[in-house]
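Please read the following report alongside the sequence and the three-dimensional view.

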Amino acid sequence: MKSEILKSVLAAYHSYLMVPVTLLNHKSEIVSTSSRAYASDCQLTLKNALEAYSIIDSVAAVQMPYSVPKNTQYLVTYGGYYDDQKCYVLAGPFYVSSPKTCENDISSLTVNQVKQSYQTIAELGDVIQRLNNDKSGSLFSYLSMLDLFYEIDQSQTVIDDNRLHQHLTSYLPNITFSGIAVKTNGAHTYKVTKFFANDQVDLCEYTFNLGEGFLGQSVVTMQPNMWENITHDLRTINLQAYGLYPKALYCYPLTIENGNVAVLFGGSTTNPLFSSETMFMLRQVFQFIERSIAYQRIDKNLSDVHTRLNVVNEIFAVISKIKDKSRILYVLTDATLTLVKGRFSAILTKPETDVQSFDMVSRGLQSDEVNKYKEDLINRYFQEEDSVKSDSNSTLKQTTWGDWVYESPLTSGNKVLGVLCVNIANKDHNGKHTEFLESISQIGGIAIDLINVEQSKKNADVVIECLFGAIEEFEPNQYEKMKKMLRGVKDFSEYLRLNQEEKLQCLKACKLSAYSLSFLENKGFNQSLIQIIGHYNELTKDMIPSKPSPLPSQILFVIHYYISNGEIPLFHKHLHEELKIKFSAFILQENEEDSEKITQALPQQKNISVEFDVIQVQFKLSKREIDVLELIIQGISNKEIAQTLYISEHTVKNHLSNIFRKLSVKDRSQAIAKCYHLSLNQDSE
């Protein structure tokens, strides 16, 4: 039986220290262990330690063999007695960052590790020592309770488990009653919710105020206390009213969920004094309860973090796939309701235009509550623009029917697009979800803003198509010309490899280019589109631009000029020189199959001749490369060039690669365009 108890004790301390715990005798033989994983290492370590130190009576750190310098392992040891023979408790391995000699091992562990592990191992040694001296077996009751802590379902608090109080009154010497008191909804009122006694006394529903009696006093001090010989103490009068006449009493205040305080209490109605063994066991029980609550709090926090991550993942998954604002709003209400576990959740959204009305989606609200709350939110958040800006953080408000609600504005940049509202159980809620709800509100606000922008674009696209269609109805000739422009803009944009957004801007501006700027401004089109058309108009009228024209405006102009005049605007002063070259190359490439057009497209405009001598000097072309370049400009194919110059096609390709590299162009069309462009500049000088 003792060996089973010992194994349970080692398992309990293994769970607390989070490292294996082993008991060895003076021959370094394993008496009991919580894990076999490091058993052989423990034995070898102890042998080495005993050789280095003749005896180990106090807590010490010993370096394990076979450790890696960057991940050194240490055991914390303690010497004592078990079965009247010398024994050693070993806990570990603990990992540290750098190896040290055995004498300096303590400094290589962190202060918290030293304090926690040394104190805990000393406590374990004390327990084993008491177990060794416990001839009557009275410690069995206490140690059996340790098993209870690991049987209790981790989903509930250990102090609320009936078995704990039953064990305290059944097994601990002189303890005849045990109970738990927790804070009520009142600010300073506590009530007994669990109570067990060996007689017929029932203390459940007993209430006391902060500082009242022994229990109230323990809440004020937040310190564990034991009182003896209290039969005639006036602080027991309220307990006596319920039939409880304590002669000795203990109180142990604990901080439980949401920062609330609970008091674990008990005592004896038969013995005015606590025995030393009872006091020792109570201290051990209190410590294990405190640790259990701490672990449960950690588990709860981890669970909350996991839930929050799931909520965020769900919201982002919806945002990335769904572009329906109503569905996203319902996802936000459901997700926040799951997180906070209130009665209802709602979102009020601001209308996009003055002619639209406020919209509200909700879960858990009755129709009359929706209407009342909606009107209240509109009055408080959207009657004045300044009120929204000054109240943009999450706040706790009370509805007209008495429920408490977290209200967090849905924001995107400086814009407030709505309000997220989540019900909480009571006003005294500690606000642990506030920061997260504000983050959810920002995510929701950005998502709604993006959807609004996307919807606005779609609406604008519909208007653009209607206006473009109207030109066909009233100006059919101009419509046909603009259709050609659209094809040219589309093809030239693709040739320039513009991104999708830039290409769409060019096409939209082309469709609206027939309308005046004042008309477009009145229709509410975005300023970037209006500016493109404004600069395009300046180029068509040969006006001096107020500032450099953007690329889309210049693309519209070169297409318009070519369609209207049948030639490339090589001499226009306000066009980018690079764009002229690229547009020339584009036109030549479009007519690449027609060699006659290639040879005549540019020279026919202004009787331009290519200055090959200048090009040869400027770009350091060889005589043969100039010969090939002349034939390229004449529109001759590679095969014909090879036949003309009596060289192979492979050699022609090599010459072409060298020419393209020296001219910094990509193909024949760009090479031809650049040659003519250089010659034009030479003539103008």
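The sections below describe a predicted model.

## The six-stranded sheet

Six strands make up an open sheet, in the order β8-β7-β6-β11-β10-β9, and their pairing is antiparallel. Strands β8 and β9 (225-228) lie at the edges; each has a single partner strand, so one side of each has no neighbour in the sheet. From one strand to the next, the twist averages 25°. Helix α7 (residues 213-221) packs on this sheet, where it touches β7, β8, β9, β10 and β11 (261-268). The direction of α7 makes about 40° with that of β10.

The pairing can also be followed strand by strand. Strand β6 (residues 177-183) is joined to strand β7 (residues 189-197) by seven bridges, and the two run antiparallel. Ser 178 stands opposite Phe 196 in β7. Three bridges connect β7 with strand β8 (residues 207-209), again in antiparallel fashion, and here Thr 189 faces Asn 209 in β8. Glu 228 has Ala 248 in β10 as its bridge partner. As a general point, the side chains of a regular strand alternate between the two faces of the sheet.

## Helix α15 and its surroundings

Helix α15 (residues 500-512) contains 13 residues. From its first C-alpha to its last it reaches 18 Å, close to the 18 Å expected at 1.5 Å a residue. At the start of α15, a side-chain oxygen of Asn 499 comes to within 3.2 Å of the backbone nitrogen of Glu 501.

Which residues of α15 are buried? They are Lys 503, Gln 505, Cys 506, Leu 507, Lys 508, Ala 509, Cys 510, Lys 511 and Leu 512. The cover over the buried residues of α15 includes α13 (434-474), α14 (476-495), α16 (517-522), α17 (527-540) and α18.

## Helix α18

Helix α18 (residues 551-565) has 15 residues, which should span 21 Å at 1.5 Å a residue; the end C-alpha atoms are 21 Å apart, in agreement with that value. Buried residues in α18 include Pro 552, Phe 557, Val 558, Ile 559 and His 560. Just after α18, Gly 566 adopts a positive phi of about 75°.

## Phe 583 in helix α19

Phe 583 belongs to helix α19 (residues 577-590). Is this residue buried or exposed? Phe 583 has a relative accessible area of 1%; because buried means under 20%, Phe 583 counts as buried.

Beyond its neighbours within four places in sequence, Phe 583 is in contact with Phe 492, Val 558, Ile 559, Tyr 562, Ile 568 and Pro 569. One of these, Ile 568, is 15 residues away along the chain, and its C-alpha atom is separated from that of Phe 583 by 7.8 Å.

## Glu 625 in helix α23

Glu 625 is found in helix α23 (residues 623-633). The relative accessibility of Glu 625 is 5%, and the residue counts as buried. A polar atom of the side chain of Glu 625 lies 2.9 Å from the backbone nitrogen of Ser 622.

With neighbours within four places in sequence set aside, what is Glu 625 in contact with? The residues are Lys 620, His 655, Asn 658, Ile 659 and Lys 662.

Conventions. Residues numbered from 1 in each chain as written. Predicted model: local features only at pLDDT ≥ 70, side-chain atom pairs only at ≥ 80, totals over all residues. Heavy atoms only, no water. Helix = DSSP H or I, 4+ residues; strand = E, 2+ residues; numbered from the N terminus. Expected span 1.5 Å × (residues − 1). Buried < 20%, exposed > 50% of the residue type's maximum accessible area, 1.4 Å probe, protein only. Pairing = 2+ DSSP bridges. Contact = heavy atoms within 4.5 Å. Polar contact = N/O pair within 3.5 Å; in protein donor to acceptor, adjacent residues only side chain to side chain. Axes fitted to C-alpha atoms, helices over the stretch in contact; angles between N-to-C directions.
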